[in-house]
Amino acid sequence: MPKHLLSTKDLSLQDIYAILDEAIALKNATDIDNSLKDKIVTTIFFENSTRTLSSFEIAVKRLGGKVVRLDISKSSTLKGESMADTAANINAMKPNAIIIRHSEAGAGNYLARYVTCPIINGGDGAHAHPTQALLDAMTMKLHFGDLSGKKIAIVGDIINSRVATSGIDLFRRLGMTVFLVAPPHFQSLFNEEENLKKCESLEEILDCVDAIMSLRTQNERHNYQIFGSLKDYAQKFCITKDLIGNRNIIVLHPGPVHRNIDIDDEMLKDERSKVLSQVSNGVFIRMAILKRFVG
Ligand code: CP
């Protein structure tokens, strides 16, 4: 196991299967697990979060550990302290791990040079969101069993999405084929390969995929408005119940969902929507990661 978890690429296939199996075992467990007793984990989120921050903090507490959250709005960052100095000072207090989120790609890799404890990446710019990819894989594994041979379409603002980047790597290593469905201005720069295909319309993939992951348009990462309007975008790329019909497709989204832009209300209510299951599974994936990197 590597010291830090900065990207899915830090994990071997064996690590990935071990984390998925551990997370599923934790979900099914009835006994209390105190693997993080006497451990302190610090969360430093320079960028907003609902799911990742809360689920990491719940995961630490479910494992009997303690959390210290650095509230960036009250930290000395606003007095001009650099990110590296912030991390070095927190590290000097000897936490057992630091979980970080930042709007800049590579923030976790940069900070790893200034600390002695493990760093776990809770999302950095458009670069990586490894724990999200793992919880997405767990959600699909619980539904399908073996993921090998399954097909997933990732739909939307792919080029600006760290969820897409991490998912593309992880899902393909688990034997899945990934379709990237987006208008040209949102399409990935990855080259097509045997298990990575690009297309411009949902109609091209609807009859061959097992899962669709919709993405939010990442307006905070656009330097200028690169599409007409969200309504125009939704007409072509919103995952509606009418569009899915009676197909046996599960629908995922990392959140936050732009309702009726990314996925419509009716599809979100449908039992094929796994959006809240993803959130629940995120706690168990983060528990499994904390046990391996901290416990
Ligand atoms: N999926 C995800 O990263 O959500 P948050 O931004 O709320 O953490």
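Helices (H or I, at least four residues) and strands (E, at least two) are DSSP runs, numbered from the N terminus. With those labels, proline 256 lies in the loop between β9 (250–252) and α9 (265–269). This is a predicted model, where local features need pLDDT of at least 70, side-chain atom pairs count only at pLDDT 80 or more, and totals for chains, interfaces and linings use all residues. Residues are numbered from 1 along each chain as its sequence is written, and side-chain values use heavy atoms, with hydrogens and water left out.

**Stop 1**

Select glycine 255 and proline 256. The peptide bond from glycine 255 to proline 256 is cis, with omega near -5°.

**Stop 2: the largest pocket**

Pockets and cavities are found on a 1 Å grid over the protein atoms alone. A pocket is an open set of points with protein on both sides within 12 Å along at least five of seven lines; a cavity is a set where a 1.4 Å probe fits but cannot get out; lining residues have an atom within 4 Å of a point. The largest pocket has a volume of about 340 Å³. A volume is the space filled by probe spheres set on the points, which are joined across faces, edges and corners.

Now select the lining, 20 residues. Arg101, Arg162, Arg216, Gly255 and Pro256 lie nearest the pocket centre. Colour α2 (51–62) and α6 (162–173): each supplies at least two lining residues. The lining divides into four nonpolar, nine polar and seven charged residues. Here Ala, Val, Leu, Ile, Met, Phe, Trp, Tyr, Cys and Pro count as nonpolar, Asp, Glu, Lys and Arg as charged, and the others, Gly among them, as polar.

**Stop 3: the ligand**

Show the ligand. It sits in the largest pocket, meaning that more than half of its atoms lie within 2 Å of the pocket's grid points. Select its shell (a heavy atom within 4 Å): Ser49, Thr50, Arg51, Thr52, Arg101, His129, Gln132, Pro254 and Gly255. One is nonpolar, six are polar and two are charged.

A side-chain N or O atom of serine 49 is 2.6 Å from a ligand oxygen. For threonine 52, a polar side-chain atom lies 2.7 Å from an oxygen of the ligand. For glutamine 132, a polar side-chain atom is 3.0 Å from a ligand nitrogen. The protein covers 91% of the 250 Å² of accessible area that the ligand has on its own (Shrake-Rupley method, 1.4 Å probe).

**Stop 4: the cavity**

The whole structure holds one cavity of 30 Å³ or more. About 50 Å³ of space lies in the largest cavity. Select Arg51, Gln132, Leu135, Pro254, Gln278, Val279, Gly282 and Arg286, which line it. α10 gives the most, with four.

**Last stop: aspartate 38**

Aspartate 38 lies in the loop between α1 (13–28) and β1 (40–45). Its phi is near 70°, a positive value in a residue other than glycine.

Technical notes. A polar contact is a pair of N or O atoms within 3.5 Å; within protein, one must be able to donate a hydrogen and the other to accept it, and residues adjacent in sequence count only if both atoms are side-chain atoms.
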